[in-house]
Amino acid sequence: MKLSFLGAAHEVTGSCHYLQACGKKILIDCGMQQGPDEYERQELPVTPGEIDYVLLTHAHIDHSGRIPLLAKYGFRGSVCATEATGDLCAIMLRDSAHIQEFEAEWKNRKGKRAGRDPIEPMYTMEDAEKAISLFMPCSYGKTVHLEEGISIRFTDVGHLMGSASIEVWVTENGITKKIAFSGDVGNLNQPLINDPSYLMGADYIVIESTYGTRTHQKPPDYCEALAEIIQRTFDRGGNVVIPSFAVGRTQELLYFIREIKERQIITGHPNFPVYVDSPLAIEATQIFDRNRENYDFEAIELLRRGINPIQFPNLITAVTSEESKNINFDTTPKVIISASGMCEAGRIKHHLKHNLWREECTIVFVGYQAHGTTGRLIVEGAPSVKLFGESIDVNAEVVRLEGLSGHADQPGLLRWLDSFTYPPEHIFVVHGEASICDTFSQILTDRYHVPVTAPDFGEEYDLLHNVKIRDGIRRPEVQTKSSSLPTGVFGRLIAAGKRLMVVIEHNRGGANKDLARFADQINALCEKWNR
Ligand SMILES: [Zn+2]
């Protein structure tokens, strides 16, 4: 019974934990690292063909994004997830594959002119389809017996439609241990989805810490706040551009804009147009609409009154890529909601290119911006950013709509942990920037007086005896975009080199004979390639 941490260890994205029990190999999430060096950080530290299950907490790509990569390299087990998560993953993984194929093609066109070797997309649409076919729906609250000695249960954690905490019971040698994976813990009072549900107890808890050191400000009246931004921007003749996560955040924005329109808060711009320019966001909106049984009380109440909570007049969603380009040639002030939320990919890059330099426009950030992303640079006040190889001045008003977060803050995370009725043997803190993981760990140690660890990458624990059996390594923090990190095939080589260091570290204390043989093999490889 062993648990190791293969992603989101002292990092915010790339969630992946690895449980070995009863002869089975199980991943809990298999997310994609996001940021500038994404190709470099996607190597799989497990043998995909050996994995029996992936237990998926929710559909966000930093939790699900590498499942197609697993499928590409031989994973044929099951992906256990709620039905809504499966629905959302079906569109998100296809979208992810599409973006990667597209970006590889674009880089290759550029690379060819510069005489560089072609790069391969990390995975293709075919790999995504393979992954999607492996999903196995699990309902909230129902215990599923996966294998002899292994049971799981999903509980609504209020972070995204379909999101869950996962409890895993493992029995080995007559001893049962329960491990609770928090997934991303949601916020209270979010539109459309329910508040987080709480768990009763566990021997081991793996908890996220995105906002582990922060207390969200008292949430503003989003309608009022958003309406003020729209009013002043439209009065200046500008557009409001909102880089948004296609799934979840976009539907929340639609919820607020519907209310703004219904209450007629905006004056002088009757029936203003709102574009959702992201095919993914549009499909996700349809999935939300199909999974209405997961809505919270307020949304169900609206439905009862015959009001679709995420629909309103002059909401324009059917946008081809040609129409998308034309949006910015029409001078009517408008709201443009587009993906991706951190401005790293997708059509949002076009909208930023057309609106960032215009001082009458406003860019509204409504979600977390990871280190190194274009979104983070803009939020932190960069005077210009690079888009499509072109330097674009940031003259637009930049607004951060605080509090519109799918993540619980520190009091929310503590509330989730406080609900456990008996002390766990060990708490593991993951999914946070390095310093936040460490600080939050200290807070939990002081509060619960149990061992709390923020594990490093590759760190491994024996859960039967609650002891560390393998050290991990601290990966360097993702750097900002200005640093020149290698990408493409060379990036893969660098990643392979780093992986080699992890494997070397894992062999510490091994038999001298084996270590010598390993060293000989590495040296032979170096001889061969040292040119
Ligand atoms: Zn998430």
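The legends below accompany close-up views of a predicted model.

As a predicted model, it is described with local features only at pLDDT of at least 70 and side-chain atom pairs only at pLDDT 80 or more, whereas totals for chains, interfaces and linings use all residues. Residues are numbered from 1 along each chain as its sequence is written.

View 1. Helices (H or I, at least four residues) and strands (E, at least two) are DSSP runs, numbered from the N terminus. Of the 531 residues, 46% are buried (20 or more other C-beta atoms within 10 Å of a residue's own, with C-beta atoms placed from the backbone; 12 or fewer is exposed, and in between is partly exposed). Among contacts with a separation of 6 or more, 74% join residues 24 or more positions apart; a contact means C-beta atoms, placed from the backbone, within 7 Å.

**View 2. Helix α7 (residues 279-290) beside helix α3 (residues 83-113).** The two axes come within 10 Å and cross at roughly 175 degrees; axes are lines fitted to C-alpha atoms, for helices over the stretch in contact, and angles run from 0 to 180 degrees between N-to-C directions. The pair is therefore roughly antiparallel (over 145 degrees; under 35 is roughly parallel, 65 to 115 roughly perpendicular and the rest oblique). Look for D87, L88, I91, M92 and D95 of α3 meeting L280, E283, A284 and I287 of α7. By class, this contact has six nonpolar, no polar and three charged residues. Here Ala, Val, Leu, Ile, Met, Phe, Trp, Tyr, Cys and Pro count as nonpolar, Asp, Glu, Lys and Arg as charged, and the others, Gly among them, as polar.

**View 3. Helix α6 (residues 249-262) against α7.** Now the axes come within 9 Å and cross at roughly 75 degrees, so α6 and α7 are roughly perpendicular. T250, Q251 and L254 in α6 touch A281, A284, T285 and F288 in α7. This contact holds four nonpolar, three polar and no charged residues.

**View 4. Strand β1 (residues 2-7) and its partners β2 and β22.** Five of the six residues of β1 are buried. Strands pair if DSSP finds at least two bridges between them. With β22 (residues 460-462), β1 pairs in the antiparallel sense over three bridges, and L3 stands opposite Y461.

**View 5. An open sheet of seven strands.** Follow the order β7-β8-β9-β10-β11-β20-β21, with mixed pairing. The edges are β7 (143-147) and β21 (452-453), each pairing on one side only. Inside the sheet, β8 (residues 150-156) and β9 (residues 164-172) run antiparallel with seven bridges, and S151 has W169 as its bridge partner. Helix α13 (residues 434-448) lies across β20 (426-430) and β21, at about 155 degrees to β20.

**View 6. Y204 in strand β11 (residues 204-208).** With 21 other C-beta atoms within 10 Å, Y204 is buried. Leaving aside residues up to four places away in sequence, Y204 touches K177, I179, P424, E425, H426 and L463.

Note on methods
Contact = placed C-beta atoms within 7 Å.
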